[in-house]
Amino acid sequence: MVQQQLIARGIKDGRVLAAMEKVPREEFIPPESRSDSYEDGPLPIGYGQTISQPYIVAFMTEQLRLNPADVYSIEIIEPLAKNAEATLQRLGCDNVRVKLGDGYKGWPEEAPFDAIIVTCAPDKVPQALIDQLKEGGRMVIPVGERFAQELYLLEKKNGQVKQSVSLPVRFVPMAREGTIQK
C-alpha cells in the first residue's frame, strides 16, 4: 500500500509514510471488511460512516506538517467513539484522546491546536474550528455538498486565515448534534 498507493502518488514525508506503514488499518475496520483494509478506497465502518482511502489520509496528514504531539479526536457517533478509543488503547496509542461530541464545535477546552484535520464534510468551514486553530496553525478539511466537495488547506497567520483548495474529494457529510439517529 505504501509503495503503490502513497509513494507512487507523491507522498514524501517520511513520518507520514512510516505511520501509514505502522498503523494496522484493519484494526479500525469491521471484521467483514478487513480483507479489503489496504485497498485503494474508503471502507464502511458502520452507522453510515467510512474510513477514508489510505492515499487521502496520507495526503491530508502530509499537508498538516505535523510534529509528534498529543492528538485529540472527536466522534459524534457513540459506538464509533467507544470502538476507536478502545482500539487506540489496545494498540498503545496513549497520546490520543477521544471525545464524544459535535466536531463542528471542535474542542474549545483543549484549544488552541497546531493542526486540525477533519474527515467528514461540512457545507462550510466551521468558525469554531478556525477560532481553535493556533497562530501559525494549519487545517485540512473537505468542504461542500455530498457530491461536490473540495479539500481545503487553511493557514492562520497574523490573525488572518489563508485558504487554498487542493483536491476534489468525496467524504461523508458532517453530522451535527440533533441529526444522529441512534
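With 182 residues, the chain would have a radius of gyration near 16 Å if it were a compact globule, and its value of 16 Å agrees with that. (The radius is taken over C-alpha atoms, and the globule rule is 2.2 Å times the number of residues to the power 0.38.) Keep in mind that this is a predicted model, where local features need pLDDT of at least 70 and side-chain atom pairs count only at pLDDT 80 or more, while totals for chains, interfaces and linings use all residues. Residues are numbered from 1 along each chain as its sequence is written, and side-chain values use heavy atoms, with hydrogens and water left out.

The C-alpha trace spans about 45 × 40 × 35 Å along its principal axes. The chain holds five helices and eight strands, and from the N terminus on they run α-α-β-β-α-β-α-β-β-α-β-β-β. Those are DSSP runs numbered from the N terminus: helices are H or I with at least four residues, strands are E with at least two. Take the contacts (heavy atoms within 4.5 Å) with a separation of 6 or more: 48% of them come from residues 24 or more positions apart.

As for the surface, its accessible area comes to about 10,700 Å², and 50% of that belongs to carbon and sulfur atoms. That area is from the Shrake-Rupley method with a 1.4 Å probe; for residues, only the protein chains shown count as cover. Of the 182 residues, 39% are buried. Here buried means under 20% relative accessible area, exposed means over 50%, and partly exposed is in between, with a 1.4 Å probe and protein chains only.

Now go to helix H2, residues 14-22, where Val16, Leu17 and Met20 are buried. Seen down the axis of H2, these buried residues fall within an arc of 100°, so they line one face of the helix. (The arc is that of the directions from the helix axis to the C-beta atoms.) An α-helix has 3.6 residues a turn, so residues three or four places apart point the same way. Over on the other side of H2, Glu21 and Lys22 are exposed. The buried residues of H2 pack against helix H1 (2-6) and helix H3 (54-64).

H3 itself is mostly covered, with eight of its 11 residues buried. Among them are Tyr55, Phe59, Met60 and Glu62. Their cover includes H1, H2, strand S5 (113-117), S6, S7 and strand S8 (160-169). Just after H3, Arg65 takes a positive phi of about 50°.

Not counting residues up to four places away in sequence, Ile45 touches Phe28, Pro30, Thr50, Ile51 and Leu80. In the loop between S1 and strand S2 (49-51) you'll find Tyr47, with phi near 60°, a positive value in a residue other than glycine. Tyr47 is exposed, at a relative accessible area of 53%.

Arg146 lies between strand S6 (133-145) and strand S7 (148-157), and is partly exposed at 47% relative accessible area. Leaving out residues up to four places away in sequence, Arg146 touches Arg170, Phe171 and Pro173. Asn158 is in the loop between S7 and S8; this residue is not a glycine, yet has a positive phi of about 55°. With a relative accessible area of 71%, Asn158 is exposed.

Pro112 sits in the loop between strand S4 (96-100) and S5.
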